Amino acid sequence: MNLSAAEFQALMTSLIVSLRAVTFALPLAIGAAYFLARSKWEGKIIIDALVLAPLVLPPVVVGYLLLLIFGVRGPVGSLLNDWFGMRLAFTSAGASLAVGVMAFPLMVRAVRLSLEAMDPGLDEAAASLGAGRLDRLINVHMPLAAPGIIAAAIIGFAAGLGEFGAVITFVSNVPGETQTLPLAIYGALQEPNGDAKAARLAVLSLTLALIGLVLAESVARAGPASKLRR
């Protein structure tokens, strides 16, 4: 597949944006998954609903909320801009934020399934031997949840490559800065005779998505959740 310089730039932007999003969102997803899987607090259903909200909200709404909160006039965005000179709206970093928010519930779900599939007796045995909560988290839960964590990273990365609505709403479509593969496809469709370019980028996006899904499923099959299903 022969990509033009602009198309290759869109591919690299997508890879960088998704990788950065997963790097920052995955630790938060692990923490949220651990809380939701292990907490007995009845009010956690509210946290669960907030975590899963990006799955049911229109991506454009998520992007608009990010713009309200992290825009230069938003409560968080204005502080970042005034105190640190950091601007997220209409930047590559902002694209990573949008991608991370949209992929976050998928990552939480993958990790949570691994945690909930564990034998609770292992945690009880470690506690009876004097292991504290942090010790059990590091030495028991995380190693057993490793397949789910790896699958979460892969599926989050693959989902980030295909995110469109939240990204274009929050950071617009700036070539070389925020133009990811989906935005490049959208732009190609607006150009005269841009069908061939759009088709090339669509095939590339489909290929990357399928590779990500196959890898995520392969890793997840090695985890405790798949053993329970068998």
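Is S172 buried, exposed or partly exposed? It counts as partly exposed, at 29% relative accessibility; buried means under 20% relative accessible area, exposed over 50%, and partly exposed in between, with a 1.4 Å probe and protein chains only. The notes below go through the rest of the model.

1. Basis. This is a predicted model, in which local features need pLDDT of at least 70 and side-chain atom pairs count only at pLDDT 80 or more, while totals for chains, interfaces and linings use all residues. Residues are numbered from 1 along each chain as its sequence is written, and side-chain values use heavy atoms, with hydrogens and water left out.

2. Overall make-up. The protein chain has 11 helices and 0 strands. Helices (H or I, at least four residues) and strands (E, at least two) are DSSP runs, numbered from the N terminus. Of the 230 residues in the chain, 43% are buried. The accessible surface is about 12400 Å², and carbon and sulfur atoms hold 69% of it; such areas come from the Shrake-Rupley method with a 1.4 Å probe, and for residues only the protein chains shown count as cover.

3. Contacts along the chain. A contact means heavy atoms within 4.5 Å. Among the contacts with a separation of 6 or more, 71% join residues 24 or more positions apart.

4. The largest nonpolar core. A nonpolar core is a set of buried Ala, Val, Leu, Ile, Met, Phe, Trp, Tyr and Cys residues joined through side-chain atoms within 4.5 Å. The largest one here has 23 residues, and L26, F104, M107, V108, V111 and L115 touch the most other members. The elements giving two or more residues to this core are α1 (5-38), α5 (92-116) and α7 (133-161). Helix α1 provides the largest share, 10 residues. Apart from its neighbours within four places in sequence, L26 is in contact with M107, I149, A152 and A153. A second, separate core has 16 residues, including V62, L66, A95 and F170. In soluble globular proteins, nonpolar side chains tend to be buried together.

5. An exposed leucine. L28 lies in helix α1. Its relative accessibility is 58%, so L28 counts as exposed. The C-alpha atoms of L28 and M107 are separated by 9.5 Å, and the two residues are 79 residues apart along the chain.

6. Helix α5. This helix has 25 residues and reaches 35 Å from its first C-alpha to its last, close to the 36 Å expected at 1.5 Å a residue. The expected span is 1.5 Å times one less than the number of residues. A kink of about 40° lies at A103, shortly before the proline P105; the bend at a residue is the angle between axes fitted to the seven residues ending there and the seven starting there. Because 18 of its 25 residues are buried, α5 is largely enclosed by the rest of the structure.

7. Helix α2. Residues 44-56 form α2, which has 13 residues and spans 19 Å from its first C-alpha to its last, close to the 18 Å expected at 1.5 Å a residue. It bends by about 30° at L50, and the proline P54 follows within four residues. In α2, D48, V51, A53 and P54 are buried. The cover over the buried residues of α2 includes α1, α3 (59-70) and α5.

8. Aromatic pairs. Rings of Phe, Tyr and Trp (its six-membered ring) pair if their centres lie within 6.5 Å; planes under 30 degrees apart count as stacked, over 60 as edge-to-face and the rest as tilted. The count comes to 2 aromatic pairs. F35 and W41 form a tilted pair, 6.4 Å centre to centre with 55° between the planes. The ring centres of F164 and Y186 are 5.4 Å apart and their planes are at 55°, so this pair is tilted. F164 lies in the loop between α7 and α8 (165-171) and Y186 in helix α9 (residues 181-190), so the pair ties together parts that are 22 residues apart in sequence. F164 is partly exposed at 29% relative accessibility, and Y186 is partly exposed at 38%.

9. Loop residues. T180 is in the loop between α8 and α9 and, at 4% relative accessibility, counts as buried. Leaving aside its neighbours within four places in sequence, T180 is in contact with A10, T13, S14, V17 and E163. S172 is also found in the loop between α8 and α9. S172 is not a glycine, yet has a positive phi of about 65°. N193, in the loop between α9 and α10 (195-220), is not a glycine either and has a positive phi of about 60°. N193 counts as exposed, at 80% relative accessibility. Most residues other than glycine have a negative phi.
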